[in-house]
Structures are given as C-alpha cells and as structure tokens.
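Colleague: I would like to learn how to read a few features of a model like this one. Could we take them one at a time?

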Amino acid sequence: DALAMQRDLMEGFQKEEFQAKLAELKRSLQKTNERKFNVERQKLFLSVQGDVLPRYGFPGNQKGVYQMMQAFRPEFSVSDEFNANGSMLSRLLGLDGDGGQAAAAETPAAEPPAPETVEVAVRHAITEEEVRVSVPSTATVREVRDALAEALGRAEVAKEARVVRRAGGALTSLRDSDALGARRSLLVVGVENLKAREAPRAPPARAAAPQLTREQALSLQRDLYEGFAEQDFQRRLRELEQAHPRGSREFGAERQKLFLTVQRVVLPKYGFEGNQKGVYAMLGVLGAFTDEEFQRNGFALNELLGLNEAAPAEAAEGAPAGGGAAEAEPAGAAGEADGEAEAEAEGEVEVAVRHALGEGPALRVSVPVGATLGAVKEAAAALLGRPEVAKRGRLVRRVGEQGAFSSLREAERLGSRRSALLMGVDDLLPAPGNKPSLGRAQALGLQRALREGFAAEEFQGRLRELERRKGTPEFARERMKLVLSVQSAVLPQYGYEGNPSGVVAMSRMLDGWTSADPEFGQLGAEINVLLGLAPAADVKVFEAGEEVELMVVEGPIAGTWIKAVIIAPAEQQPGSYHVHIPAQPPIVAEAVQVAPNIPPQLLRKKEVSGGGALASGGAAEPLVPALPKEEKPEERLVEVEVTVKHAINDGEEARVVVASTATILELKEALAEKLGRPDVVKEGRIVRRAGGA
C-alpha cells in the first residue's frame, strides 16, 4: 500500500498543470517572499495529497498527512523501491533528497493541528548522557536537534549531531524532515558529549588596547626616553649592574622592575595599564610601526638602557623598554651564516611552535632545513588549517623576566632553532574539521607520541582498573573515553582536533601509511597491545629457523606472501624479527637477502598443503611462480569464512562466507544479504583499528 500511495502521489505531481503552478510559484515568490512561497507551495502540494490520501484511509487534509507519515514505518527505508520513489518525489517537488518523506509531508500552514508541548529525552548513543528538551508535538527531528543545541548552549550541536535509531544492533540516521510523531526519546551521535557549555567567566575589567597614530607612537617613545635618561634612573641602573652579574636571573628581574618605574608613569598617558600587562599591550600595538625614524628611536632607547652593548644572550633577556622597537639579534642567530643552513643536506626538521601566552603542548611543524622564520609561520597556519595565523601571527622571543616579547624578522633563517613562540592569534588550535596531510616523519612522530601516552603508568593503571569491568555495558564506552584522554592531548600537536572527529581523520591518514610502511604497522600493533585490543598473548611468536611466509609491501606484487626463514628476534625493536629471504626471482633480485626488524603482522605461519591449496616444497620455493612480467599468477578461488564484528557494540558479530579474492564491497554485500538489510551496503563501513583508533 505504501508503494502504491507513492506512485499515486508521483502521478499527481507529474501532471503538467501542477508543474506549471509550481514553476510560477518559484518564479514569483521564492526569492522575494520566502514565507509566502512556503505557504502557497504547501497548499499546492495538498491539492494532490487531498485527492490521494482518502484512497488509503487518511483524511484529505493536514491531519491526514501527519497520520500518513506515522504509517510510514522505519523498516520501509530498507526497500530500494521505496527509496527510489522517495527520490523521484523530491525531484518532482524541487526538494532536497530526503527519501520522499518530506515531499509527502509538505502540508499547508493554513490548517495546522493544535500542537501541544511535549518533553523528549535525547540520549547520546555512546556516552549514555541524557538531556530533556521541550518541543511542539508537531516538531521535526531537525527542530528537536535545534532545541537540544539551544538547551546546551552549543551551536555546533545543531550542525554536527545526527539523530539515529538502533536497527539490528547498528545505528541508522533519521532524516531532518522526519516528524517527531509519537517518539518521546531519541538517540544522537556526531558530537563528543551532551555537556552544556559552561557560562563564560566574566573577563577582567580592562579597556581594549588603544590604537595609536604614528605621531602618538613617536611621542610615547620620546616620553620613555626622557624618563630613562633621568639622572636618578641612570644611577640606579649602574648600581644594579654592580650588584648583580649581567645575564643572571636576579639581574633580569630587578632590571625589569626598574624599567617599570618609568613605564608605569608613561603608559597610562596613552591609554595603557601602568603594569606589565600594559607593557605587553604596548608592544603589540607598537609592533606595527617599522619606519626608519621609529627604528632609530628604538635603537637610542636600547643604547640608553645598555641593551645594545650586551652580548646576544644578555640582549635576549633585556626588556624592549623602548616600546618594542629594539631588534637585537636573538641568541645564536647573529653569528649564523645563511649559507650554513643551505649547505646542509636537504631534509625536513621539526620545530615546536608554542603560543607565547597560552599553555599546552607545542604544535609540531615540519619545514625544510634552510627555511626562514616566515616559512615556519606559514607551515603552522597550513598544519592548523587557519590562514589567519600566517596573516596575523608574529614569531617573537622573550625578553626579561616579566613576560615581555620582541618580534623576530620573518626573513631570518631558522638556523639551529628547533622551537619558536607565536602571538597575534588567540590560540594554536586546529580549525574545525581540519584534516592535515602529514609527511612520514610527522606521522611517525604522532604514532610515537600516542604510544608514549598509552604506555604511561598512570594510563595503564586506569586501564587495568577498567579491565575489571570488561563485559559490562559501559566498558567499551569508558575505554573510549580513557583512550581519548591521550588522543585529545596529542592530536592537536599535529593539526587534528582533539575529539572523536579528529581521531577518525587521524586514523584515515595513518591508514595510507600503514598499508605501505611496516614501521607504522609495528607501532600500531604495539599501541593495540598497550590498549588491550590485541593482548600480548595473541601476538604471533616465531622461533629461530622456523619457515614462515612474509608479505611483500612494496613493488608490483605488493600484498603477495613469499616464503622466508626466521633468523632471530630483533633486539632493537622487541616483538619484530630478522628474516632471511631465499632467492625467489622475480620477487627478490639478490640470491640471499636479510630483512631486518619485520613486525609480526607481516609474518604468518607457513601454511601446510591440504587438498592442493598451497604447493609444498623447500624453503626456496616461491609461493608465486616465476612468470614473465606481462603474465599474472592465476588466482585460486577458495571460500573463506569471515567474522564481521560491530566496532562499537561489543559482542555483536556475524559470520559470512566469501571467496578469498573478495573485495571489501563484496564482503559488505554478503553481510547485507545475510542480515537481510540492504542499508548495510550503503551505510556500513569496514574499518580496522590503527594506533588505538
């Protein structure tokens, strides 16, 4: 009946008269009066719905449309014909593709049923957190989601959350246009949690940093110079130099206090606070002035304060008392010849970029050996997916003990620096949805950082405590939270968000490396052992002299298993093996080859011939016979049983039989057929664990 009703609706909507009226509505109202357009369009839709619905026992009005929607049961969505009809209805009505249910449900605003306010319990499908929201009984799924975002004070929930339902142990999405109907509880995914946003703390009462004209900036410099040139100030500065060795911590701290005796008098005249915070604000404002007169004044101020005479290390500790104009060469940079960096072998170096004022881990940026500081800033912007970092950010150095900074020139070479401070932006967090592309060294660094975090005693202790609850409904959820406590600290260092979305993006990036580089596979295996996802007892162990099969990971026959012999366990990388590969042309060119540090994931026990599945023979016999390059080995079709487990719902699994040559798509199709659920092919994804994700 549902399919017949869809066909009748399509017949009515296809009529030339209906389509002409719809086109006229779009032409005359859609861009000029959207509200009236929606009302008139709904009336037009009802001109067909009012004729069709009574044939199937529904009233020919808005109430009948809502009753029809309730009769469209969720299991209808697994029907290919039902979905195809829905897509056609949407196209006929010029609506977004929503399975046709929104098209069928478009109803005139002229006869709305009297709605009542109902309470809906919205629960997170993974964390089990629950929030109750009040919406009209006529609300759609989209309106419930909007109400949830408003209740939490989190606008991103309206964009990122998905309302789902459980179907056969899996989660399938509801459409935004679906009516709430009789539902009074809903599940959501797509957001990390359902915690309300904390009310922002009232910022300390302070005026915004003033914006100075060039003349005002020069006047400020002159006032500072006048204060620093006073006889009493110069006497105290000489006494300070005699009391403490230059470059000492005490000297820097006391000198900064002395500078502030002048700065606290001058700065308020120009709208800045008369404290170290005001000094910092002044530096930020004056950093925009770089003309020759301003630079000369800055040099004169530094000369007056003895900063120009200091050794580079001392100058780095001095305060830019002249308003930030001093551009003393940073420690170690003045003596570096630009040619030294260029003469180095080409390669990449990692630079730890930290926010000058913020806390937290550094951003791990990779740049060429001979890069400039400007290139470091641009690399940071690219890694974060935030172009404003390159436009507004400034690389700086600390001067003095009271939190002052001086800008570095972007044309300077990186040299031996392996860390940098950046300011001018609020933070160094990745852009929402950022998916950086990491080089091999960066990707390995990310994996090693995760391994280090998961290996920490505190993490392992919490994991052991959690293992006692294994088998309980909350075990998988709590383990995910624990794993995320490490991932959320590591991922932002490499440009990924520290949330489940970032974890997914990181995992997909690592997939590409893992499939082509055994070192990634080894690190992933070690991480899985640390997380209890691949217990150490399950890791394959091989004996010296044992005949095994090794997977080829590079070249034209990548993915092929060849015969090899275990030499001995690798001491440098515990758990891996040194392997001897006998001559097997054309797979190995040399007569004898030793492959070091092979992870167990690339090794398997030598299969014993049974019914001709594999040819038996000596260790030197290749699994793939030597063939001319234009020929390919004939694939042997063998049926295998595959266990497919749900990645989130522990305990749910299905066994399917496929050919050994089957693709992932064919595996999904076999699973869908076994379950009787076509949606598995469209919505399911076959995944694997990589690096704890």
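Colleague: Which residues in H19 meet which residues in H20?

Modeller: Keep in mind that this is a predicted model. On the H19 side they are Phe459, Arg462, Leu463, Leu466 and Glu467. On the H20 side they are Phe475, Glu478, Arg479, Leu482, Val483, Ser485 and Val486. The residues of this contact divide into seven nonpolar, one polar and four charged.

Colleague: At what angle do H19 and H20 pack, and how far apart are their axes?

Modeller: Helix H19 covers residues 457–467 and helix H20 covers residues 475–490. They pack at an angle of about 175°, and their axes are 10 Å apart. Angles over 145 degrees count as roughly antiparallel, and H19 and H20 are therefore roughly antiparallel to each other.

Colleague: How many aromatic pairs does the structure hold?

Modeller: A pair of aromatic rings is described by the distance of the centres and the angle of the planes. The structure holds eight aromatic pairs. One of them joins phenylalanine 228 and phenylalanine 233, with 5.1 Å centre to centre and 50° between the planes, and is tilted.

Colleague: What kind of pair do phenylalanine 233 and phenylalanine 259 form?

Modeller: Phenylalanine 233 and phenylalanine 259 form a stacked pair, 6.4 Å centre to centre with 25° between the planes. This pair links distant parts of the chain: phenylalanine 233 lies in helix H10 (residues 231–243) and phenylalanine 259 in helix H11 (residues 249–266), 26 residues apart. Phenylalanine 259 is buried, as is phenylalanine 233. Elsewhere, Phe13, Phe18 and Phe45 form one aromatic cluster.

Colleague: Which residues have the most contacts inside the largest nonpolar core?

Modeller: They are Val367, Leu450 and Tyr496, in a core of 51 residues. Helix H16 (residues 373–384) gives the largest share of this core, seven residues. A second, separate core has 26 residues, among them Leu267, Leu286, Phe294 and Leu305.

Colleague: What is valine 367 in contact with, leaving aside its neighbours within four places in sequence?

Modeller: With those neighbours left aside, the contacts of valine 367 are Gly347, Glu348, Val349, Val351, Ala375, Val376, Ala379 and Leu414.

Colleague: And for the chain overall, how many helices and strands are there?

Modeller: There are 24 helices and 17 strands. Of the 693 residues in the chain, 42% are buried. Taking the contacts between residues at least 6 apart in sequence, 61% join residues at least 24 apart.

Conventions: Residues numbered from 1 in each chain as written. Predicted model: local features only at pLDDT ≥ 70, side-chain atom pairs only at ≥ 80, totals over all residues. Heavy atoms only, no water. Axes fitted to C-alpha atoms, helices over the stretch in contact; angles between N-to-C directions. Helix = DSSP H or I, 4+ residues; strand = E, 2+ residues; numbered from the N terminus. Parallel < 35°, antiparallel > 145°, perpendicular 65-115°, else oblique. Contact = heavy atoms within 4.5 Å. Nonpolar A, V, L, I, M, F, W, Y, C, P; charged D, E, K, R; others polar. Phe/Tyr/Trp six-rings, centres within 6.5 Å; stacked < 30°, edge-to-face > 60°. Buried < 20%, exposed > 50% of the residue type's maximum accessible area, 1.4 Å probe, protein only. Core = buried A, V, L, I, M, F, W, Y, C linked by side-chain atoms within 4.5 Å.
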